[in-house]
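Good morning, everyone, and thank you for making time for this. I would like to walk you slowly through one model, and I will ask a few questions along the way.

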Amino acid sequence: MKKFITFEGPEGSGKTSVIKEVEKALKAQGYDVLVTREPGGVVLSERIRSLLLDFVDESMDARTEAMLFAASRRQHVVEVIRPALDANKVVLCDRYIDSSLAYQGVARGLGIEEVYALNLFAIEDLIPDLTLFIDVKPEVGLSRVKSNQREMDRLDLETLEFHQKVYEGYLQLAELEPNRIKVIEGNQPMDQVSSDAIREILDEG
Ligand code: TMP
């Protein structure tokens, strides 16, 4: 059984709903489950989240952005993720290091290796046991976000070209780390997406 599971995908991929379903299913099987999200999860990281997402300022430098995400992640690891894993909980985390690799590394053009190195400083050796990439094309995801009338944040408002690069970035990461990152077809009914996710989590392979 995997203990530290992260969920990744473009905006509107349905990650949050999948996580809720997975949480329910694992709890029903008696697991002690903690659900959390990035950027955020603790007071300091939520403060950094609002700097990153609410502040519509064209001038935010890409490296500044990458470091703020990494700083937020560091605090989240120390205050929430590490203690939960030490207490033998299953941690389901909405976004983690691969978001930084896809958004800042690929879409912002900082480079996967550079952003990985920055993040290793933040997470030390806390790499997820399993990462589920919910595969939904960016144009489909963005139109879902718009039709759900969720408020658009600073990154949602990026160009479609940017979101396409994010998507390509995720596919590249899945190819680089096929053992850790599993691709889940996101264009199917939600209960099917969730059961695919649960199957991967319970898979002992
Ligand atoms: P959310 O919409 O899933 O809450 O994520 C917030 C936004 O932040 C989303 O557009 C992805 C972006 N993001 C990054 O660019 N880098 C990161 O490391 C993380 C965690 C999120």
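Predicted model: local features only at pLDDT ≥ 70, side-chain atom pairs only at ≥ 80, totals over all residues.

Which residues come nearest to the ligand? There are 16 residues around the ligand, and those that come nearest are Arg49, Arg73, Arg95, Ser100 and Gln104. If you look at the side chain of Arg49, you will find one of its polar atoms 2.9 Å from an oxygen atom of the ligand. How much of the ligand's area does the protein bury? The ligand would expose 470 Å² if it were taken alone, and 94% of that is buried by the protein.

Helix 2, which runs over 43–53, helix 3, over 62–86, and helix 4, over 97–107, each contribute at least two residues to the shell, and it is helix 4 that gives the most, with four residues. Sorted by class, the shell holds eight charged residues, five nonpolar ones and three polar ones.

The ligand sits in the largest pocket, whose volume is about 880 Å³. This pocket is lined by 33 residues, and the closest to its centre are Glu11, Lys15, Arg49, Arg150 and Asp153. Two or more lining residues come from each of helix 1 (15–28), helix 2, helix 3, helix 4 and helix 6 (138–147). As for the classes, the lining is made of 14 charged, ten polar and nine nonpolar residues.

Finally, I come to the backbone. Where does Pro39 lie? Pro39 belongs to the loop between strand 2 (33–37) and helix 2, and the peptide bond that joins Glu38 and Pro39 is cis, with omega at about -10°. The other detail concerns Asn88, in the loop between helix 3 and strand 3 (90–94): the phi of Asn88 is near 70°, which is a positive value in a residue other than glycine.

How values were computed
Residues numbered from 1 in each chain as written. Heavy atoms only, no water. Near = heavy atom within 4 Å. Polar contact = N/O pair within 3.5 Å; in protein donor to acceptor, adjacent residues only side chain to side chain. Areas by Shrake-Rupley, 256 points an atom, 1.4 Å probe, with all protein chains shown as cover. 1 Å grid on protein atoms, 1.4 Å probe; cavity = no way out; pocket = protein on both sides within 12 Å on 5 of 7 lines; lining within 4 Å. Sits in = over half its atoms within 2 Å of the grid points. Nonpolar A, V, L, I, M, F, W, Y, C, P; charged D, E, K, R; others polar. Points joined across faces, edges and corners; volume = space filled by probe spheres on them.
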